[in-house]
Amino acid sequence: MSIATKKIVSIALMASTVLWAAGVASLPLANAQSTTAAGLQSQIASLLAEIQQLQAQLNTSGGSSNASSGSCYTFTKDLTVGSRGADVTALQQVLIAKGYLAISAPTGFFGPLTKTAVGKWQAANGITPSAGYFGPKSRAFYASSCVSTGTTGTTTTGTGTSTTGTTTGTTAPATGLMVSLASDNPGTGSLVSGAARTPVLAVNFTAGNSGAVTISDVKFQKTGVLSDSAITNAYLIQNGQVIAQYSSLNQGILDFSGLNWQIPAGQTEDVQLAVDTSGSNSGNTVSFMLPAATNITAFDTNNNAVTATGSFPLNGGSFVLTTVSSPSLATVAISHISIGQTVTAGTQNNLVGAWNFSIGNDKVYLKGINFHVVGSANLANLQNVKLFVN
């Protein structure tokens, strides 16, 4: 419930109380003396029922994106820089709860900070372009992914919502590590052969309130008839960023080892398992799951082993591999450009790598590039790395 709504409810409650008191005070003395205790209790119960009805009406007028209200806000218009009002306040509440907007309280004004936060939220949920304009695509995604839980007092939206953690409405345990399916867990669908980073499973990892938990290894299991060779890459993605790439795929087990991934105390991290596929095995089915707590290796701040809790197995959707051939599909060809082999220590603007990206048929959005440093050079000696386009 927003601050404004809280004030309205407080005023309504105070007004109802004053009216009740005034009504009792205005009763004739003889009537007051003849009124039984049961009669007064009946009047009080009736007034309380009216107050509860008023609160319900206030809570549902226009919706609310605050986790304490337990309802999802209904956005009726597009929002951009310069927008003001209740819709902006509700949007800011969602962004603050998810950790995308670093302000103490909603302002009701859509400025540059809100635009940047919306762009981050869009990128994390695969909404393109991620330009920070809260338009029809964004409003539709919010409406389809928001789950109002009512009595539990949490609102789940996209990759997560507000609690003590950074994502989702999951309540943190007192100690240890809790694992559960995330709200953005993919449903049944298709895997297009040749597609990159298609999400196939989304999981929440929640550290206990007593201390941070570090995860060093997670093993997912592939099921179905699709062969291991059809999975060419697998990734763990958090807030649109790749945080790990799989170490091995053997007999259907996707192993992410050497993670050193820390979850702060009392916080929840929503992580997607995504894969690249190839091959011509059209029609073959595949799904992914986190089978058991033993598939997770984790430690607390004292380096003691932590056993995860949760309702295992945690299953993703079932997917059918599909091959698509269309001359209108976008194509990307990347080629290396030869550069010099010598770098003089102390000089600036040394060109250390160059590539050509050739795009065909349709435009392509470049969302990220990971460069890996190889060789024996000390990484501390590399400074001010820049990426130039054209």
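Buried here means under 20% relative accessible area, exposed over 50%, and partly exposed anything in between, using a 1.4 Å probe and protein chains only. The model is predicted, so local features need pLDDT of at least 70 and side-chain atom pairs count only at pLDDT 80 or more, while totals for chains, interfaces and linings use all residues. Residues are numbered from 1 along each chain as its sequence is written, and side-chain values use heavy atoms, with hydrogens and water left out.

Let's start with α6 (136–145); helices are DSSP runs of H or I of at least four residues, strands are E runs of at least two, and both are numbered from the N terminus. Its buried residues are Ser138, Tyr142 and Ser145. These sit on the same side of α6, because they cover an arc of only 85° around the axis, taking directions from the helix axis to the C-beta atoms. Turn to the face away from that buried side and you'll find the exposed residues Lys137, Ala143 and Ser144.

Gly135 is buried, at 3% relative accessible area. Its C-alpha atom is 9.8 Å from that of Phe75, 60 residues apart along the chain.

Now for the surface. Val364, in the segment after β18, is partly exposed at 39% relative accessible area. Val364 belongs to a nonpolar patch of about 960 Å², whose other members include Trp355, Phe357 and Leu387. β17 (331–336) and β18 (355–360) each supply at least two of the patch residues, with the largest share, 3 residues, coming from β18. Accessible areas come from the Shrake-Rupley method with a 1.4 Å probe, and for residues only the protein chains shown count as cover.

Conventions
Patch = residues over 30% accessible without salt bridge, like charges linked within 9 Å, V, L, I, M, F, W, Y side chains within 5 Å. Salt bridge = Lys/Arg side-chain N within 4 Å of Asp/Glu carboxyl O.
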